[in-house]
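Subject: Structure handover

Dear colleague,

Please find the structure below. My notes on it follow.

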Amino acid sequence: MEDKDYIYHLITIEFNNQLDASQKLELQSWLDSSLANQAEYNALIKILNYHQRLHQMKRINIDRDLSIVKKRFGQLSRSKKLLLNFQRIAAILIIPLIIYAAWNIFDRSTTNEKIALLKSSETAYGVRSQIQLSDGTKVWLNSGTKLTYPDEFIGQTREVKLEGEAYFQVESDPDHPFYVDLNGFKVKATGTRFNISNYPDDKDILAYLEHGKIALVSSVEGAPEIQLKPLNEKELLVLNKALRQYNLQQVDGKKQTAWMKGTLVFKNDNTADVATRLGRWFNAEIVFDDDLQKSGYVFTATFKQESLEEALKLLSYSSPVKYKIISTSQLGDSSFSKRKVIISKK
Amino acid sequence: METGNQAKELFIFEELKRGKEYAFDFFFNYYYPGLCVYAQKIIELPEPEAKDIVQDVFVKLWNDRKKLDVQISVRSYLFVAVKNKCFDVLRKKKRSVKLQEITHQHDIADESFDGYVLCELEIIFDNGLKKLPDRCREIFELSRLQGLKNREIAEKLNLSEKTVENQMTKALRILKEELKDYLPLLALFEIFHFLR
């Protein structure tokens, strides 16, 4: 009985959170010694809890609070009231805003200021081209690429939209930063030379900086900017579109921009990479057979003016592979399918 | 709780929909204190804020009564509404509340907050407390309800700390003996541990 009294004593102290370490141990060992002890402990805790809660509930003045609540019948809740106030303020503000905007538009039309028209340049697969934008910026478009840009840059920023791969030589103008919209991401540049690859069916966006300074900006609001360091490190940013994660790789700069000079460069590239890039270059569907895909074989080759057949021949000389070209066939809508190439182990 | 109670509640709720204030009074009397303690203790909000939240919920219950479609029970509607509002407030206060933890710990299935249970418990407890000698009960309530430490109680009542300890132990022993028949009932309204 003496022992039990001591445990009860510990429990009352525990409830006010006043047990010291050694007392905690004593209580714990009593609890661990039998299930009956635990049941008894739980019962005691229940009594103490209910007693306390009952006291709290009894202290509440129901009648007074009921009359407070009834006075608010038909009124809006506090948060709604706030929202309503906000709406009122917004309504008051919007009138001068509309007047200002209308005046601005009117003013613009009288001063003959132009509204930029959006243009777009597209290159078919297997074709490369170069254009110059109104600010003097030069853009080289790789095959299968679409660039959307205004016929004249108006406003604080210069903005273009890219699907595919392009090399930019941006005319320096720090007051009007140049943005390349990559559907979910943006690259910000002032005076700079860089290459971006953003094909819709690729999982990564590649950004290679040759000279100057560019930054990757997430167009999701609040996401942090990723600053790209200048060129001498020859850095390539590989951004996974789905995961929104990126890593930086040291790469061979010549390879990144070789396509501009009409050269297709492979340097220790895996089959998947070769298939995509070779396919885009020659507008063909390139398939490596399963054996080759699994083999982990990497290719190194440079093509300049070769045709597809010549390129494949070269590939078969330098690597242990053979190829088969399946010629085009006419489709139902009188267009032609792409040439298909199957590459397999020798 | 039991289906009988639920049916009664739904009937009263229909009265509320027709704009009868007595129906509103019924729900208020029955659930208001429990909801206040629920909001306050479970979601760890100070009393005035907890009451504001519960009062908002009741004002909404009246204002939206025609739109409300309570099919299961008024009780769960009220508890869920209070819980959601509490979370909104918490979210605004500190952005990183581990909401899931809170939800798991304190399930609204706990019926010990209802007016009905309150009455039952009150009788049970009063009977238990009556069995305590006056001095013993005084010390027990000072400790449990006002949260005084044993030392503070000893000073206040001009007793030795040892005496206070003994009285507390005695109170707990008597209460446990007196309430032991009701403990299964208490266990029925399973309760969480404030201690943990």
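Helices (H or I, at least four residues) and strands (E, at least two) are taken here as DSSP runs and numbered from the N terminus. A pocket is defined on a 1 Å grid over the protein atoms alone, as an open set of points with protein on both sides within 12 Å along at least five of seven lines; a cavity is a set of points where a 1.4 Å probe fits but cannot get out, and lining residues have an atom within 4 Å of a point.

This is a predicted model, in which local features need pLDDT of at least 70 and side-chain atom pairs count only at pLDDT 80 or more, while totals for chains, interfaces and linings use all residues. Residues are numbered from 1 along each chain as its sequence is written, chains are lettered from A and ligands numbered from 1 in the order in which they are written, and side-chain values use heavy atoms, with hydrogens and water left out.

The largest pocket

The largest pocket holds about 960 Å³ of space, a volume being the space filled by probe spheres set on grid points that are joined across faces, edges and corners. Its lining has 41 residues, and those closest to the centre are A:Asp202, A:Leu206, A:Asp273, A:Arg277 and A:Arg280. In chain A, the elements that give two or more residues to this lining are β8 (193–198), β9 (204–211), β12 (235–240), α6 (253–257), β14 (264–270), α7 and β15. The largest share, 8 residues, comes from α7(A). By class, the lining of the largest pocket has 17 nonpolar, 10 polar and 14 charged residues. Here Ala, Val, Leu, Ile, Met, Phe, Trp, Tyr, Cys and Pro count as nonpolar, Asp, Glu, Lys and Arg as charged, and the others, Gly among them, as polar.

A:Arg280 belongs to helix α7 (residues 271–282) of chain A. A:Arg280 counts as buried because its relative accessibility is 9%; buried means under 20% relative accessible area, exposed over 50%, and partly exposed in between (1.4 Å probe, protein chains only). Beyond its neighbours within four places in sequence, A:Arg280 is in contact with A:Tyr125, A:Gly126, A:Ser143, A:Tyr199, A:Asp201 and A:Asp202, where contact means heavy atoms within 4.5 Å.

A:Asn283, in the loop between α7 and β15 of chain A, has a positive phi of about 50° although it is not a glycine. A:Asn268, in strand β14 of chain A, has a phi near 50°. A:Asn283 is partly exposed at 29% relative accessibility, and A:Asn268 is exposed at 56%.

Strand pairing

Strand β18 (residues 339–345) of chain A pairs in the parallel sense with β15 (residues 284–288) of chain A over 5 bridges; two strands pair if DSSP finds at least two bridges between them. A:Phe288 stands opposite A:Ile343 in β18(A). Strand β17 (residues 321–326) of chain A pairs with β18(A) in the antiparallel sense over 6 bridges, and there A:Lys322 stands opposite A:Ser344.

Chain B and the cavities

Chain B has 10 helices and 0 strands. Of its 196 residues, 47% are buried.

The count comes to 2 cavities of 30 Å³ or more. The largest cavity holds about 40 Å³, and its lining includes A:Thr12, A:Asn16, B:Ser143 and B:Met168.

Regards
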